[in-house]
Amino acid sequence: MELRALGNSGLLVSQFSLGTMTWGRDTDIHEARDQFNIYYEAGGRFSDTADVYSDGVSEEIVGEFARERPDVLISTKAGSVRSHRRRDTSRSHLLSALDSSLKRLRRSHIDVWHMHAWDPYTPLDETLSALQYAIDSGRVRYLGISNYSGWQLTSAALSSQYQVISAQMEYSLLQRGIEREVVPACVDLGVGVMAWSPLGRGVLTGKYRHGTPADSRGATAHFASFISPYLNDRSKAIVEATCTAAEGLGLSPIDVALAWVSSRPQVASTVVGARTAAQLRMMLPGFEAVLPPEIHLALDEVSAIE
């Protein structure tokens, strides 16, 4: 698997990173172990989690597996909270969250620490002072943000003493909104994109073409509202184009969707997550797939944003 620099830094990360949002909830530890081994054997060395995934259980599982593989880099996130506030990047919360994450991960440091979302309640200077302390104390190596708008990313990057090297953002053929402001800001600031949900929340696999399968995330109570925004006529046209391209190339829609995202300018790593090991195994050919220029152009046109 190709290694790429994460932003304008010396940190080399795997072209595809292993997402673990379902670990500890929809994916038990045995399936998670299989996923980790499949990913590692494919050459992957970059795992992504968050302190709120399965209320910390995801971090615990990642920490258990990565303890056996010290060459695996770990990205985690903080700042999302299960309360009416929803966002908390205060110094008090962040430093407490950092200690908790390190304990669950069983490591002395986090390779890339992302702020999970913009916090409108905390002054930016306070958040940045906590991040500076985290790096100065040796517990964090690099800083990143997640789900920020263009101006929020720019404010954080220009105000921080240490460089922000990563922007973890949703990006797929079905969601290209970051191309308006976030990607140009990343180019200007030397920030690498970590693209999450590259399969359009699973819709680009084609499994929703004729309805919602009973065993899909779209059929579950806690994920139905997450999937439904992409079950519309615009998405249908993009999915059909993806499937047509896949048939012509002898690939799967998954291969085409992953190859498209991974080849986009400024994308350093594409986060792939799955509920089962079998689903992750289906993504492996996409790690190596390369699309012809004419297919790129056709997909760019059908998925173009206003």
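**Note on cavities, barrel and helix packing**

1. About 50 Å³ of space lies in the largest cavity. A cavity here is a set of points, on a 1 Å grid over the protein atoms alone, where a 1.4 Å probe fits but cannot get out; volume is the space filled by probe spheres set on the points, with grid points joined across faces, edges and corners. The model is predicted, with pLDDT of at least 70 needed for local features and 80 or more for side-chain atom pairs, while totals for chains, interfaces and linings use all residues. Residues are numbered from 1 along each chain as its sequence is written, and side-chain values use heavy atoms, leaving out hydrogens and water.

2. The lining of the largest cavity consists of M115, L124, T127, L128, L131, L143, G144, I145, Y148, A156 and V164; a lining residue has an atom within 4 Å of a point. By class the lining has 9 nonpolar, 2 polar and no charged residues. Nonpolar covers Ala, Val, Leu, Ile, Met, Phe, Trp, Tyr, Cys and Pro; charged covers Asp, Glu, Lys and Arg; the others, Gly among them, are polar.

3. There are 2 cavities of 30 Å³ or more.

4. A barrel is closed by 8 strands in the order β3-β4-β5-β6-β7-β8-β9-β10, with parallel pairing. Neighbouring strands of this sheet are turned by 30° against each other on average, direction ignored. Strand β9 (residues 192-196) pairs with β10 (residues 267-273) over 3 bridges in the parallel sense; pairing requires at least two DSSP bridges. In this pair, A195 stands opposite T270 of β10.

5. Helix α1 (residues 29-41) packs on the sheet and touches β3 (16-19) and β4 (46-48), its direction making about 175° with that of β3. Contact means heavy atoms within 4.5 Å.

6. Helices α8 (residues 233-249) and α11 (residues 293-302) pack at about 170°, with axes 9 Å apart. They are therefore roughly antiparallel to each other, the term for angles over 145 degrees. From α8, A237, I238, A241, T242, A245 and L249 meet I295, L299 and V302 of α11. This contact has 8 nonpolar, 1 polar and no charged residues.

Notes: Axes are lines fitted to C-alpha atoms, for helices over the stretch in contact, and angles run from 0 to 180 degrees between N-to-C directions. Helices (H or I, at least four residues) and strands (E, at least two) are DSSP runs, numbered from the N terminus. Angles under 35 degrees count as roughly parallel, over 145 as roughly antiparallel, 65 to 115 as roughly perpendicular and the rest as oblique. On a 1 Å grid over the protein atoms alone, a cavity is a set of points where a 1.4 Å probe fits but cannot get out, and a pocket is an open set with protein on both sides within 12 Å along at least five of seven lines; lining residues have an atom within 4 Å of a point.
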